[in-house]
Amino acid sequence: MKYPNYLMLISFKLKFKYLLICCMLCLSRYHFAQEVTKITVNPLDLRQGNYTLSDLAESIEYIPLETNDKCLIGSIYYFDISENYIIVYCPQTLNLYLFDRNGHFISQIGKHGEGPQDYLGYSISCLLIDEKRNRIIVHDKHQCKQLVFDLRGRFVSSVTMDEKTGTGHYERLYNDLFFIYTNNYNGNMPFVYEIRDINLQLMSENIKTVYFKRGQGVSMIGTPRHYLYNNKIQWKETSLNDTIYTVENDCSFKPKYVVNAGKHEVTPELSATPDIFKFRQRMREYVNFDLFFETQDKLLISYIFGNRKYYYCYYDKNDQALLYFKSDKGIPNDYDGGLDFWPTRQDNNTLYAFYDAYLFTEHLSGMKKEGLKGNPKDIKSFKKMMQILDPEDNPVLMIVKLKE
């Protein structure tokens, strides 16, 4: 009678070990799934890759903004684009201009000034087209107000905000939400991220940004960057925080990537120095991250190092390697022979950038005519634009649709 009991005990132990191993495997897989990808940038190791625009782009569209005496535009700082409209802010004129989706000029939006219906051009922190409500939202951080115009450029309303929220930077209206990072200049509290609804009611407040004192004030090195990917905002912190977060649907911040430059990373000691001249001189020795974007298998990264030189690279998610583009202007354009491309904004599978018209005309003489890999229709459309483009024209919007 002892043998069956002994066998039952052995069987129980084996089953227990099996269950224990299964649990450990599950926990291991869960931990692996939750693990944050770590990327180290070394500006002295510039291994080149073969990634080009034809590898990335499904299609490329160019929209030259109409040029006339009512809308002469220099560089473009802020802009927004919807299904039928494009709005841009020109820092040279301090004005906002509205165009249709084909680049035809519609109207100037409001005007620079200190009146109740005016905005201070130099203090605009974001532009948002809310097409479904027939309105344009302009945030003026110095006057702590939000102005609303209709899609004909007519003033609708103005909302005054409290100082903390009003002096923040409004980055995106997505699913009727404002995503804001607020500044605090008196040193009493850290910078704060806020998420507010369409009526500016606070939905979530997350303290994430690293801040520090320099002299009598508070400084933040490196502007926080964001991009929209998989319908979620991906948020890169300042130079003193090397994490890219995903802002989840519940407004929580989930770490996704850790991107730093090792010994070339900006130090808190340098950032806190009160000597501005010394600070600017020493910053050349460190990597200053600029923009981040993402595709299905790549993380695109740009940064400044040395004598303010820009570097363009990408992290290959499959090979887990950091490689540099062969062009010093961005992603090499073997798609249609146009300018090498580096985006300034990403909305899911679409990348955007504005380029001055003269850059295209300067590029004309050296433009590639053979070995292009893009859609023949897109190549023909680009060549047609080049035939009529004048170097004095308004900037051209370049839109790159990513491959699925």
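Me: Why does Y193 count as buried?
Reply: Buried means under 20% relative accessible area, exposed means over 50%, and partly exposed lies in between (1.4 Å probe, protein chains only). Y193 has 1% relative accessibility, so Y193 counts as buried. The model is predicted, and local features need pLDDT of at least 70, side-chain atom pairs count only at pLDDT 80 or more, while totals for chains, interfaces and linings use all residues. Residues are numbered from 1 along each chain as its sequence is written, and side-chain values use heavy atoms, with hydrogens and water left out.

Me: Why does F253 count as buried?
Reply: F253 has 10% relative accessibility and therefore counts as buried.

Me: How many aromatic pairs does the structure hold, and what makes two rings a pair?
Reply: The structure holds 28 aromatic pairs. Rings of Phe, Tyr and Trp (its six-membered ring) pair if their centres lie within 6.5 Å; planes under 30 degrees apart count as stacked, over 60 as edge-to-face, and the rest as tilted.

Me: What kind of aromatic pair do Y62 and F382 form?
Reply: Their centres are 4.9 Å apart and their planes 35° apart.

Me: Where in the chain do Y62 and F382 sit?
Reply: Y62 is in strand β2 (residues 57–64) and F382 in helix α7 (residues 376–388), so the pair links distant parts of the chain, 320 residues apart. Helices (H or I, at least four residues) and strands (E, at least two) are DSSP runs, numbered from the N terminus.

Me: Why do Y62 and F382 count as buried?
Reply: Y62 is at 14% relative accessibility and so counts as buried. F382 is at 0%, so F382 counts as buried too.

Me: What kind of aromatic pair do Y193 and F253 form?
Reply: With 5.4 Å between the centres and 15° between the planes, the pair is stacked. This pair also links distant parts of the chain: Y193 lies in strand β13 (residues 192–197) and F253 in strand β20 (residues 253–260), 60 residues apart.

Me: Which residues form one aromatic cluster?
Reply: Y51, F293, Y310, Y312, Y314, F325 and W342 form it.

Me: How do you know that β4 is mostly covered?
Reply: The burial count decides: 6 of the 6 residues of β4 are buried. Y85, I87 and Y89 are buried on one side, and I86, V88 and C90 on the other, which covers both faces.

Me: What makes β4 and β5 antiparallel partners?
Reply: Two strands pair if DSSP finds at least two bridges between them. Strand β4 (residues 85–90) and strand β5 (residues 95–100) run antiparallel and have 6 bridges, so they pair. C90 has N95 as its bridge partner, and V88 has Y97. The two strands form a hairpin with 4 residues between them, and L94 in the turn has a positive phi of about 65°.

Me: What joins β3 to β4?
Reply: 3 bridges join them in the antiparallel sense, and I81 stands opposite I86 in β4. A hairpin of 3 residues connects β3 to β4.

Me: In what order do the strands of the open sheet with β3 stand?
Reply: The order of the 4 strands is β3-β4-β5-β6, with antiparallel pairing. β3 (79–81) and β6 (105–109) are the edge strands, each pairing on one side only.

Me: Why is one side of β21 and of β24 left without a neighbour in the sheet?
Reply: The open sheet has 4 strands in the order β21-β22-β23-β24, paired antiparallel. β21 and β24 (321–324) stand at the edges with a single partner strand each, so one side of each has no neighbour. Strand β22 (residues 298–305) and β23 pair over 8 bridges in the antiparallel sense, and K298 stands opposite D316 in β23.

Me: By class, what residues does the lining of the largest pocket have?
Reply: The lining has 25 nonpolar, 12 polar and 12 charged residues. Ala, Val, Leu, Ile, Met, Phe, Trp, Tyr, Cys and Pro count as nonpolar, Asp, Glu, Lys and Arg as charged, and the others, Gly among them, as polar. β7 supplies the largest share of the lining, 5 residues.
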